[in-house]
Amino acid sequence: MTTVTGAGTVTVPAQRPAPQPPPELRGHTQIAGRVVTKIACCAAEEIPEVREVHLGGRPWSRSSSAEVRGEQATVRLNVSVAYPAPLRDVAARLREHVIGHVTAQTGLNVTRLDVTMIDLGGEVP
């Protein structure tokens, strides 16, 4: 748009910035395995029968972990479960809950979730 005033001055609108490429072409988002591990551990702790999720830290302890390759994640959780909870039922609910949380928060497809119950303790609430 050009405006001409009485003194012969021409006003030209500011240049428009070039349109940005679509979001998927602007860069790459990478999610580290330790982030997926923490999300999975937090989600596992929401299951009432799960007493503790072993995130790790000590060299001799079994720790939970996750591995990310592209858009897929593999998760391994080591948990303590309340006694006398039905272990297969707890594992099934744990898998469903953790996979749902990891997928919702990261967009990754959890292709495998291994649950190792390494201890029994406390009572079922």
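## Order of elements

Read along its sequence, the chain runs β-β-α-β-β-β-α-β. That pattern holds two helices and six strands. The model is a predicted one.

## The chain as a whole

The chain has 125 residues, and 27% of them count as buried. Its accessible surface comes to about 8800 Å². Carbon and sulfur atoms account for 52% of that surface.

Contacts in the chain also reach along the sequence. Take those between residues at least 6 apart in sequence: 71% of them join residues at least 24 apart.

## How the two helices pack

Two packed helices are described by the angle between their axes and the distance between the axes. Here, helix H1 covers residues 33–44 and helix H2 covers residues 87–106. They pack at an angle of about 135 degrees. Their axes lie 9 Å apart. Because of that angle, H1 is oblique to H2; the oblique class takes in angles between 115 and 145 degrees. The crossing of H1 past H2 is right-handed.

## Where the helices touch

Which residues of H1 meet H2? They are Val36, Ile39, Ala40, Ala43 and Ala44. On the H2 side, the partners are Leu94, His97, Val98, His101, Val102, Gln105 and Thr106.

How do the residues of this contact divide into nonpolar, polar and charged? Eight are nonpolar and four are polar. No charged residue takes part in the contact of H1 with H2.

Definitions and conventions: Residues are numbered from 1 along each chain as its sequence is written. This is a predicted model: local features need pLDDT of at least 70, side-chain atom pairs count only at pLDDT 80 or more; totals for chains, interfaces and linings use all residues. Side-chain values use heavy atoms; hydrogens and water are left out. Helices (H or I, at least four residues) and strands (E, at least two) are DSSP runs, numbered from the N terminus. Buried means under 20% relative accessible area, exposed over 50%, partly exposed in between (1.4 Å probe, protein chains only). Contact means heavy atoms within 4.5 Å. Accessible areas come from the Shrake-Rupley method with a 1.4 Å probe; for residues, only the protein chains shown count as cover. Axes are lines fitted to C-alpha atoms, for helices over the stretch in contact, and angles run from 0 to 180 degrees between N-to-C directions. Angles under 35 degrees count as roughly parallel, over 145 as roughly antiparallel, 65 to 115 as roughly perpendicular and the rest as oblique. A crossing is left-handed if the near helix is turned anticlockwise from the far one by less than a right angle, and right-handed if clockwise. Ala, Val, Leu, Ile, Met, Phe, Trp, Tyr, Cys and Pro count as nonpolar, Asp, Glu, Lys and Arg as charged, and the others, Gly among them, as polar.
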